[in-house]
Amino acid sequence: MLRDVWTKTVRDQRRALLAWSAALVLLVGMYAGFYPSFHGSNSYNDLINQMPKALRDLFTAGAGGDLSSGPGYIYMEMLSFMAPTLLLVFAIGAGAQAVAGEEERHTLELLLATPLTRARLVIDKWIALALGASILASAMGVAIVAFGAAVGMGLSTVNVVASMVHLILLALVFGSFALLVGAATGRVALARGIPAAVAVVAYLVNGFGVTVSWLTPVRKLSPFFQYVGHDPIRTGFSLGAILIAAATVMVLVVGAVRLLRRRDITG
Amino acid sequence: MEPESQDTRTDGDVPPVRITSLTKKFGGFHAVRDVSLELERGEVFGYLGPNGAGKTTTLRILLGFLRPTSGSARLFGLDAWSAAPDVHRRVGYVPGDVALYDRLTGWEMLTYLGNLRGGLETGQVRLLAKRLDANLSRQLHTLSKGNRQKIAIIQALMGRPDLLVLDEPTTGLDPLVQQQVHELLREHAAAGGTALLSSHVLSEVQLVADRIGIIRSGRLVTVERLDELRRKSLHHVQVTFAQPVDPVLFAIEGVRDLDVNGVLMSCAASQDALDPLLRAITLHHVVDLSCEEASLDDTFLAFYGNGAADAS
């Protein structure tokens, strides 16, 4: 686990990843436990439908609300808000620590005094980030499939996998953004704060963009739209959304490398 | 590219360090200005100056952390900034502000950094740890400052680098360990290696350096062989006599800032002047005597004060 930068970084995160995964599984289990009382009942749907449309769109991230069916329930309770929030907290935190954390603790100099290139450092840190996000989403996905089957949610496994893949990509967009800000500034606070603020805006744009007409054209730019705009828990993969998110991530990682390479490490 | 850059391993003539008109500005502040310096193989060079003079900035440029504003720094013929990863195969570094991976043990951290260098030489690490009496099995955050410093030194030496760049390497070490470090540096130099170590006190490098350079306000004010500087270095002498003495007695070449006040005499003397001064002193009954080597700053001010004033 001390072979190179990415294995070392995953090693550093091993306890956190275990705790996060356990928490996510428990969360899914808890929601699954509540499902039977929602199933087939329209009273909660009525409640949601009474909300102003703009607010409802915001809560449901634009995909409408139907708590009585399995996919609708999982979408509303987990995928629309809770899952992306938790994954983003993890990914933005890990991305911010990647370069800026090492720099603030002055351990970046130890690494860069070896033959390690700055590009390799960024890529290794990114691999650790991607692996971490994938582990969390996998734990959650397995829990959704298992608990979903146990309480009879009638979920398609392929669609759960698709939802998790899109969730990982969403986390990687913002995690890579945090890595970029950290690589450009060396400051953890900025590397956390800026992507978090942008994530809130992107979430609101996607949610309100359904109803608020002037936001509609920019809604498709929101990474949250790439994540759930096509309703993955019902429709599965969207190749277009995957390509856009992957391209975004690639641009951010290349940007992080370029910014780190031209910058003084002032320590 | 000039031919010298092609050939880095079998370089007979390429100096390990060649700094040419190096300037580094942070905003409007000149941290280093117009520094030129060349180190030879087998040389230990002491880079001296008060805190904030630009020592660390120079070393960080050599390590490729900082990009020169103008001028160049080449190590083994390679540019310190653009060829940093290649340069680092041959360089060991101890940072001034030693930060380690606190949650790892010493052994784990050395394994990690060794792997980034292409593999850990376990035998060499064990040998160094033994000589420095370093504890490699404890988590680094539990170690004292001096014991952490040992790990940083092992880390720099373990890859058998051709060049060592050490930023105040012996701070926090007890004298016995300092001696060991000096011995390691001498062995390194004897085997053809080169070392550049910074310090703000002459006493820290005088036992091991062949040459020293003094940097002040970002300018390299002087480069001298150490024996030459030692001859010049000032000693503060204070004497209490049994009876009042005549100041004329101490009008000796190399004695300055003479102050005689009744039975008390104080002055600054270069090393050359110590012997005649002591002979003059012992002509009288001495009650108390102290002789202290002046700080580098004082010696510096005495000899290079004007040049430094021009520089700032």
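Leaving aside neighbours within four places in sequence, A:Leu87 is in contact with A:Ala133, A:Leu136, A:Ala137, A:Leu167, A:Leu170 and A:Ala171. Contact here means that the two C-beta atoms, placed from the backbone, lie within 7 Å. This is a predicted model: local features need pLDDT of at least 70, side-chain atom pairs count only at pLDDT 80 or more, and totals for chains, interfaces and linings use all residues. Residues are numbered from 1 along each chain as its sequence is written, while chains are lettered from A and ligands numbered from 1 in the order in which they are written.

A:Leu87 belongs to the largest nonpolar core, which has 161 residues. A:Leu87, A:Ala91, A:Ala133 and B:Ile154 have the most contacts inside this core. Helix α9(A) gives the most to it, 18 residues. Another core lies apart, with 10 residues, among them B:Val239, B:Phe250, B:Ala273 and B:Leu277. A nonpolar core is a set of buried Ala, Val, Leu, Ile, Met, Phe, Trp, Tyr and Cys residues joined through C-beta atoms within 7 Å. A residue is buried if 20 or more other C-beta atoms lie within 10 Å of its own, exposed if 12 or fewer, and partly exposed in between.

Helix α9 (residues 157-185) of chain A packs against α10 (residues 188-208) of chain A at about 145 degrees, with the axes 8 Å apart. Axes are lines fitted to C-alpha atoms, for helices over the stretch in contact; angles run from 0 to 180 degrees between N-to-C directions. Residues of α9(A) in this contact include A:Phe174, A:Phe177 and A:Val181. From α10(A) come A:Leu190, A:Ile194 and A:Val198, among others. The contact residues divide into 11 nonpolar, two polar and one charged. Ala, Val, Leu, Ile, Met, Phe, Trp, Tyr, Cys and Pro count as nonpolar, Asp, Glu, Lys and Arg as charged, and the others, Gly among them, as polar.

Next, the contact between the chains. Chain B and chain A contribute 19 residues each. On the chain B side, α3 (84-88) and α4 (106-116) each supply at least two residues. The largest share of that side, six residues, comes from α4(B). By class, the chain B side has 11 nonpolar, three polar and five charged residues.

Chain B has 11 helices and 14 strands. Helices (H or I, at least four residues) and strands (E, at least two) are DSSP runs, numbered from the N terminus. Of its 312 residues, 43% count as buried. Its C-alpha trace spans about 70 × 45 × 40 Å along the principal axes.

An open sheet of six strands in chain B has the order β6-β7-β8-β3-β9-β10, with mixed pairing. Strands β6 (91-94) and β10 (219-225) stand at the edges, each with a single partner strand, so one side of each lacks a neighbour in the sheet. The twist averages 15 degrees from one strand to the next. Two strands pair if DSSP finds at least two bridges between them.

Helix α2 (residues 55-62) of chain B lies across β3, β7, β8 and β9, at about 145 degrees to β7(B). Helix α6 (residues 145-157) of chain B touches β6 and β7, and its direction makes about 170 degrees with that of β6(B).
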